[in-house]
Amino acid sequence: MATSAERRTLEQPALGKAALKMGGIRRQPTKVKPTVAPTGNRRSAFSKSWSFVKIFDFDAMQRVHAIKQGVPATLPGDMAARMGMSKERLYVTLGLPRATVERKARESKPLSPDESSRVLGIGHLVGQVQRMVEESGQPEGFDAAAWVARWLDRPVPALGGMKPAELMDTAEGQGIVSNLLSRTQSGAYS
């Protein structure tokens, strides 16, 4: 339970720093855990055998772990190749700085959590489409990655005429696009 002095300090944020200096509230030092382990012993959720469906199948905790750990900086390039699009186009779609991603790839460093989230988001979307097609019973000959790459650049009436690619640079936008695909599958297209 907070003392009356602590309550007053919390109610008046401008006094927070002064109160800390005067001893009104004592915070215990916190240890910050690194979100990415050193490269030498880091176990990545990704290997040469990654797939869009595997990314789609990540549960929430696996996704959070992969985002905090950081995905390999080579993953966007690999995804772009599988989608039949240029790396530069994928970088622009996801709002990734090309120079930063390529430098991290050369240095074998992972992407930041924010960058990793966007990369996993598009991987999730392609995996979602692949699952949808598999569930329809007609997956033979369908290339979900190439279809998504083309679809992202088409205006969609349900998005007010916007292209899905315009929403892929934020997690919220990716959620809107994913939800749209789910509604399309269920027939609730709007």
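**Salt bridges in the predicted model**

D114 and R118 lie four residues apart in helix α8, so about one helical turn separates them. Helices here are DSSP runs of H or I with at least four residues, strands are E runs of at least two, and both are numbered from the N terminus. These two residues form a salt bridge whose closest N and O atoms are 2.3 Å apart; the term means a side-chain nitrogen of Lys or Arg within 4 Å of a carboxyl oxygen of Asp or Glu. D114 is partly exposed at 48% relative accessible area, whereas R118, at 10%, is buried. (Buried stands for under 20% relative accessible area, exposed for over 50%, and partly exposed for values in between, with a 1.4 Å probe and protein chains only.)

The structure is a predicted model, in which local features need pLDDT of at least 70 and side-chain atom pairs count only at pLDDT 80 or more, while totals for chains, interfaces and linings use all residues. Residues are numbered from 1 along each chain as its sequence is written, and side-chain values use heavy atoms, leaving out hydrogens and water.

In total, eight salt bridges are found in the structure. One of them joins D57 to R131, with 2.4 Å between the closest N and O atoms. This pair ties together distant parts of the chain, 74 residues apart: D57 belongs to helix α3 (residues 52–57) and R131 to helix α8 (residues 113–136). Both partners are partly exposed, D57 at 41% and R131 at 24%. Together with E134, D57 and R131 are linked in a salt-bridge network.

A further salt bridge pairs R103 with E107, the closest N and O atoms being 3.5 Å apart. R103 is partly exposed at 34%, and E107 is partly exposed at 39%.
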